[in-house]
Amino acid sequence: MIYRVQGSNKTRVDFVVKPNQAMSWRAQMTIYSGVAAVTITIGTLFYLKGLTLILPFSGLEILALGIALYLCAWRSGIREVISISSDEIVIERGRTGPENRQVFQRPWAKLVLERSWNNWYPSRLLLRSHGRQTEIGGFLNEQERQGLAELLEQALADKTE
Amino acid sequence: MSEAVIHEEHHDDHDHKPTGIGRWLFSTNHKDIGTMYLVFALVMFFIGGAMALVIRAELFQPGLQYVDPVFFNSMTTVHALVMIFGVVMPAGVGLANWLIPMMIGSPDMALPRLNNMSFWILPFAFALLLSTMFMEGGAPNGGWTMYPPLTLQLGNAFPFLIFAVHFLGISSIMGAINIIATVFNMRAPGMTFMRLPLFVWTWIITAFLLIASLPVLAGAVTMMLTDKFFGTSFFSAAGGGDPVMFQHVFWFFGHPEVYILILPAFGIVSQIIPTFARKPLFGYESMVYATASIAFLSFFVWAHHMFTVGMPLAGELFFMYATMSIAVPTGVKIFNWVATMWRGSMTFETPMLFSLAFVILFSIGGFSGLMLGITPADFQYHDTYFVVAHFHYVLVTGAVFALFAGTYYWLPKWTGHMYDETLGKWHFWLSTISVNVLFFPQHFLGLAGMPRRIPDYSVQFADFNMISSIGGFAFGFSQLLFLYVVIKCVRGGSKVSDQVWEGAHGLEWTLPSPPPFHSFTTPPQVTDATAHS
């Protein structure tokens, strides 16, 4: 998902890019806790009846489900803020706040939409300058990525920013 | 001056797909993996079906005709394992893979690599299982329920059976985790839970059933393994264990497993009937709650499979009443399907015919299940052909017919071609008539006292067995027609529109037919108007 934020002085434009997340982490954890409680209770009751080898499988499975949900939530919690001002392009990434910041000189920056050689994998939107490059919107859908590329292209071409 | 260069190294078409064997081996695409699941299920359907024909050939007449009793018992055991774990479950997962991302407006499953692994475990597990047919001592022959001490007496096949069951369980768990993660995280904006298509609802509830029940099976078979090879006595009476306890543990998994097989079938039929009745599904919310109720109750009825082992009267009463109570949410569903059809502008294309047959014939299976759930009656029916007739009405005319219906319903969407409607209807009528010739007489055999899992029988059962075998062969060979219709449709046919069926609603029908390699490249906005119905 892409949001465009225009500053009042029109000298800077920000794009906030984030993946689609259908359910909050808190809601997922509430359901996960319920599932874990049921599964572990079943395993424990059998354990108390002397059938000791069910509980380890219950634990392993709940662990696997938890890891899967965490991975999905971790991937969908990322935000990218792309700020374009008259002389530089700043890309900040993070979850609760900026954890990584990269600055490119706007006059030298080059935006590239690169497709994989066999078209098997999604395209990559790259910002390059002076031998450095960074990927933008790696978590977006294909069409969203192309839309972001067009928006950035327009913003970079606009001399008022 | 900054440069904004958009490289388009290939033409502007998003429908890029890899080719060759690598596409299938390493695929992380939900449609490819769904196709592999469905093809695998079809292959296993013919393997399991061939085993069924061996059984019916042997039972055509009294006396031993073609196979020895041990091989006959292997056939009944492996036929069940193949049909449950190799046909109905993989076909359900295949449909889930194909349809859930398209129905919720997502480009793919949440964990595509896990998806690939969960499929490729299946052929490996079945190679393990089927290889036992060529081992000393033969294939497993103690029944699919694997009760000790009989199953512990197996030859070399025993550890292969246990590990095959483990791998099948791992595959199912991975599939369930993926479905939960996908539905939780990848629904399109506006696709709230109460806007999910019924098929997605039934699958997410099935996934939770798998999560809760499969560790019990994994633990049970592992304890059998340690009893056999590591000197434990979980189920060995000689060492202080209890073989009846295995039955409790097995059916604690086994009864939810029945719903794991049938709930996705409910979902398929709930998609098809509104399309061909040209009306929204009657009582959508009650359908969701009924599905959840059935799943919840399935954990409290396991002992109705083992009334005759000798349990306290209070236990028998509890499990009898709990079993009866499942008829309530199931009745809600059947009522809702009938109410959906009531005064609808119905047409009777092949998917609708199979769905109608499902509603009627599954109800017969449900009613015979109620008879079996009544404890004193079950003492007479237990381990007779009445039980065989009951679960085949549930699993063949229930689950398998729903899978046929789903295949005919979505095949034009998957391939972009319409199937041969005339041949589809031939397949339906041949299957529906023959399946009743096959299984209905088995009720009478059971009521007359013919035990199940026997290669020879008293001459008084000869006539009904002969009729049943004729039905069996007719049903088996009718499925070759299904194979032909599917292959013909995949290879070509008249082009279909995106919506395919005039009355179809839902996001999957907004995609082109066939859909692009990646389903939704932009999340669609879902409103009440564009949701399931």
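## Burial and the model

A residue counts as buried if 20 or more other C-beta atoms, placed from the backbone, lie within 10 Å of its own, as exposed if 12 or fewer do, and as partly exposed in between. This is a predicted model, in which local features need pLDDT of at least 70 and side-chain atom pairs count only at pLDDT 80 or more, while totals for chains, interfaces and linings use all residues. Residues are numbered from 1 along each chain as its sequence is written, and chains are lettered from A in the order in which they are written.

## Chain A overall

Chain A holds three helices and eight strands (DSSP runs of H or I with at least four residues, and of E with at least two, numbered from the N terminus), in the order β-β-α-α-β-β-β-β-β-β-α from the N terminus. Its radius of gyration is 22 Å, well over the 15 Å of the globule rule for 161 residues, so chain A is more spread out than a compact globule; the radius is taken over C-alpha atoms, and the rule is 2.2 Å times the number of residues to the power 0.38. Of the 161 residues in chain A, 29% are buried.

## Helix α1 of chain A

Helix α1 (residues 25-48) of chain A has 24 residues, which at 1.5 Å a residue should span 34 Å, and its end C-alpha atoms agree with this at 33 Å apart; the expected span is 1.5 Å times one less than the number of residues.

In α1(A), the buried residues include A:Gln28, A:Thr39 and A:Phe46. The buried residues of this helix pack against α2 (54-76) of chain A and also against α5 (157-185), α6 (198-229) and α7 (243-277) of chain B, where a contact requires C-beta atoms, placed from the backbone, within 7 Å. After α1(A) comes A:Gly50, with a positive phi near 95°.

Notes. Two residues are in contact if their C-beta atoms, placed from the backbone, lie within 7 Å.
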